[in-house]
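This report describes the fold and selected local features of one protein chain. The structure is shown first, and the description follows.

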Amino acid sequence: MGIPKYGMIDLHVHLDGSLSFKMARELAKMQGMETKSARDLKSLMVAPKDCRDLNDYLTKFEYPLELLQTESAITYSVYELLKIQKSQGIAYSEIRFAPQLHTRRGLKQEQVVAAAVKGLQEFMADDKMAGDKTENGESKGCEDFCSGLI
């Protein structure tokens with residue numbers, strides 16, 4: 001694999017740390033959970049300016065992890081994160097997650113990984129069908145963007 005033809009590189013992004021408030025609300029809605037206000041989401045998901053230590057910081061991953069306990073939630077989150085990254089011009093990304101942290105409601109780690117891969121595959125398929133075109137009219141599709149994600 002050569003240097004990406006365009007865009008930035010993100011070598012370390014955590015799926016559970018990448019949920020936007022919009023995504024958190026949608027995930028809660030998908031699972032029949034209470035949707036939180038922006039104020040509540042900020043309290044649950046954003047480290048304060050006076051964050052004491054790493055343990056304090058890591059508490060902000062608890063609510064996102066609570067939302068990421070179903071296959072559909074994981075698939076949705078990977079798909080949405082890839083859409084966001086593409087819109088930001090990220091050409092290569094290494095999305096990280098710990099499958100064992102997504103087993104609280106009975107999922108097996110293999111199911112967690114398969115759900116994440118499904119999100120990637122759905123993004124690739126939809127992106128290819130969207131048919132982004134270069135100035136020459138050639139299809140950009142997902143090949144350049146997704147080559148580093150597989």
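The model is predicted, so local features require a pLDDT of at least 70 and side-chain atom pairs a pLDDT of 80 or more, while totals for chains, interfaces and linings use all residues. Residues are numbered from 1 along each chain as its sequence is written, and side-chain values use heavy atoms, with hydrogens and water left out.

**Overall architecture**

The protein chain contains seven helices and two strands. Helices (H or I, at least four residues) and strands (E, at least two) are DSSP runs, numbered from the N terminus. In sequence order, the pattern is β-α-α-α-α-α-β-α-α. Of the 150 residues in the chain, 35% are buried; here buried means under 20% relative accessible area, exposed over 50%, and partly exposed in between (1.4 Å probe, protein chains only). The chain exposes about 9100 Å², of which carbon and sulfur atoms supply 53%. These areas come from the Shrake-Rupley method with a 1.4 Å probe, and for residues only the protein chains shown count as cover. Among contacts with a separation of 6 or more, 69% join residues 24 or more positions apart, contact meaning heavy atoms within 4.5 Å.

**Helix α1 against helix α2**

Helix α1 (residues 21–30) packs on helix α2 (residues 38–45) at an angle of about 100°, and their axes lie 11 Å apart. Axes are lines fitted to C-alpha atoms, for helices over the stretch in contact, and angles run from 0 to 180 degrees between N-to-C directions. The two helices are therefore roughly perpendicular, a class that covers 65 to 115 degrees. On the α1 side the contact is made by F21, A24 and R25, and on the α2 side by A38, L41, K42 and M45. By class, five of these residues are nonpolar, none is polar and two are charged.

**Helix α5**

Helix α5 (residues 71–87) has 17 residues and reaches 25 Å from its first C-alpha to its last, close to the 24 Å expected at 1.5 Å a residue. The expected span is 1.5 Å times one less than the number of residues. Its buried residues are A73, I74, T75, Y76, S77, V78, Y79, E80, L81, L82 and Q85. After α5 comes G89, which has a positive phi near 80°.

G7 is placed in the segment before β1 (8–14), S20 in the loop between β1 and α1, and L101 in the loop between β2 (90–96) and α6 (109–130). The table lists a C-alpha separation for each.

| Residue pair | Separation in sequence | C-alpha distance |
|---|---|---|
| G7 and Y92 | 85 residues | 7.9 Å |
| S20 and E80 | 60 residues | 9.5 Å |
| L101 and L65 | 36 residues | 7.2 Å |

G7 counts as exposed, because its relative accessibility is 52%. S20 is partly exposed at 28% relative accessibility, and L101 is partly exposed with a relative accessible area of 35%. Not counting residues up to four places away in sequence, G7 touches G89 and A91.

How values were computed:
Angles under 35 degrees count as roughly parallel, over 145 as roughly antiparallel, 65 to 115 as roughly perpendicular and the rest as oblique. Ala, Val, Leu, Ile, Met, Phe, Trp, Tyr, Cys and Pro count as nonpolar, Asp, Glu, Lys and Arg as charged, and the others, Gly among them, as polar.
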